Amino acid sequence: MAHSYVRRISKPQMMIVVVTSSSSIFSFCFALSLLAFFASAHILTDTEGNNSDLFPEVLREEAVARLYELGKVSDAEGYLERTFLSPASIRAGNLIREWMEDAGLRTWIDQMGNVHGRVEGMNPSADALLIGSHLDTVVDAGIFDGSLGIISAISALKVLNITAKLQKLRRPIEVIAFSDEEGVRFQSTFLGSAAVAGVLPASALQISDKSGVTVQNALMDNSIEATEETLSQLKYDPKSVWGYVEVHIEQGPVLEGIGLPLAVVKGIAGQTRLKVTVRGSQGHAGTVPMSMRQDPMAAAAELIVLLESLCKRPKDFLSYDGQCNGFAVESLSGSLVCTVGEISSWPSASNVIPGQVTFTVDLRAIDDMGREAVLYELSDRMYQICEKRSVSCTIERKHDANAVICDTELSTQLKSATYSTLKRMAGEIQGDVPVLMSGAGHDAMAMSHLTKVGMLFVRCRGGISHSPAEHVLDEDVWAAGLAILAFLETHL
């Protein structure tokens, strides 16, 4: 496997490329392309002074510093964790609000804890462009997931403010830092964006976390009135919104592989989250014969292996009996991914046969019909296994989101802004701006129920995300800010 990296040393004109590879020619060419891109970008800022039209002080230095500052705001010692309306989440929201005001935006926090910053522009009655991402994180998170989209938008608007263009925008621009996208605390994703889009049911207020605290309790604990009426008031009027744009790290390896920092997203895979509960007969680990056990842990293990097999080889499991067609099966082979991320047992003692085992299933696919076919087949086979093992099994659908196709007009504008950004930074680029599908869910999925959506992906090292190893180059943070700035300038 080829490895290449670029490392800047103390003198700005010098860079070192180190290549180690079993495929040396490919790696050497790839490293040279990286060197050319970063060297060109650096020259644009270091020759003739600092070439202020690329605004590196705001879009790179300050943006990167803010990302690292936000990355220190955590509920945990030694790792990053910020969940819905936790103390760290509140602190992070207040910090983001300060940065929004620094960019010249009017700010407020809504009844779902989302942080808003808005500029009305020349025509306050025009339909608004919304730009956003999420401020919450997973457990032991990286610092760029979600935060990069918020900071890039704020930084771009700050540049417009500095250059006295902020009030010349033809339409209102609103940045939203959504309070919950990951769904870690309440196992219900998109609480923040779904409320704004008007697709969050009132029953969501009664969802409880592992401590028994409901969403409504969490809001009230933070002095936020939480009723069915206030929830309905959060919904934006679709006629007042022009579109929604989100910048997000790719969370995959494609951009790094092709050596470019940005891509336009053409769509987002649909996803379903399940909670599977297996109940058996609790007993003594030393006295119940193996042949007489109704062990939910062993049953759960078989169910999980079934899930893995089905998702690896859907063609071996799905028939053409009306539940799916050939196209769906073919699309599934390239996009279907399934994960068991949590598993717990009761009473969870080493010398006790569990009485109950619970685990989660995260299932994603680009084709919605294919995803439903997999869920149908999975549920049917799970119930058969549980019956064979004389245990009971319940399968709850905790979250569903259909696949989303990004708007053609927005995608074209974002593609043009990205192309001009790459050309400004590198002098010239070979080929077209890449267009990718997203296997990860984003707030854009919820917002698509309100308005047209568009997305930009930003390269991350190794494609790693949801990990402290998650990393985005400073130059790529800069590129993201410049692309959003170029996009916003089309609304002047």
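Q: Helix H4 and helix H14 (residues 474–489) pack at an angle of about 55 degrees, with their axes 8 Å apart; why is this pair called oblique?
A: Angles under 35 degrees count as roughly parallel, over 145 as roughly antiparallel, 65 to 115 as roughly perpendicular and the rest as oblique. About 55 degrees falls in the rest, so H4 and H14 are oblique to each other. The axes are lines fitted to C-alpha atoms over the stretch in contact, with angles from 0 to 180 degrees between N-to-C directions.

Q: What makes the contact between H4 and H14?
A: On the H4 side you'll find residues including Leu148, Ser152 and Ala156, and on the H14 side residues including Val477, Ala480 and Ile484. Contact here means heavy atoms within 4.5 Å.

Q: What kind of model is this, and how is it read?
A: It's a predicted model, where local features need pLDDT of at least 70, side-chain atom pairs count only at pLDDT 80 or more, and totals for chains, interfaces and linings use all residues. Residues are numbered from 1 along each chain as its sequence is written, and side-chain values use heavy atoms, with hydrogens and water left out.

Q: How do you know how confident the predictor is?
A: Look at pLDDT, the predictor's confidence in each residue, from 0 to 100. The protein chain has a mean of 89, and 87% of its residues reach 70 or more. Residues 1–50 are below 50, though this stretch still has 72 contacts in the model beyond near neighbours in sequence. Where pLDDT is low, the predicted coordinates should not be read in detail.

Q: What is the chain built from?
A: There are 14 helices and 18 strands, taken as DSSP runs numbered from the N terminus (helices: H or I, at least four residues; strands: E, at least two).

Q: Why are helix H9 (residues 296–312) and helix H11 (residues 368–388) given the label they have?
A: Their axes come within 10 Å and cross at roughly 150 degrees. That value is over 145, so H9 and H11 are roughly antiparallel. Among the residues that meet are Leu303 and Leu306 in H9, with Leu378 and Ile385 in H11.

Q: What makes Gln187 and His466 stand out?
A: Both have a positive phi without being glycine: Gln187 has about 55 degrees, and His466 is near 55 degrees. Most residues other than glycine have a negative phi, and most peptide bonds are trans. At 27%, Gln187 is partly exposed, and so is His466 at 40%.

Q: Which kind of peptide bond runs from Trp346 to Pro347?
A: That bond is cis, with omega near 10 degrees. Pro347 lies in the loop between strand E12 (343–346) and strand E13 (352–353).

Notes: Buried means under 20% relative accessible area, exposed over 50%, partly exposed in between (1.4 Å probe, protein chains only).
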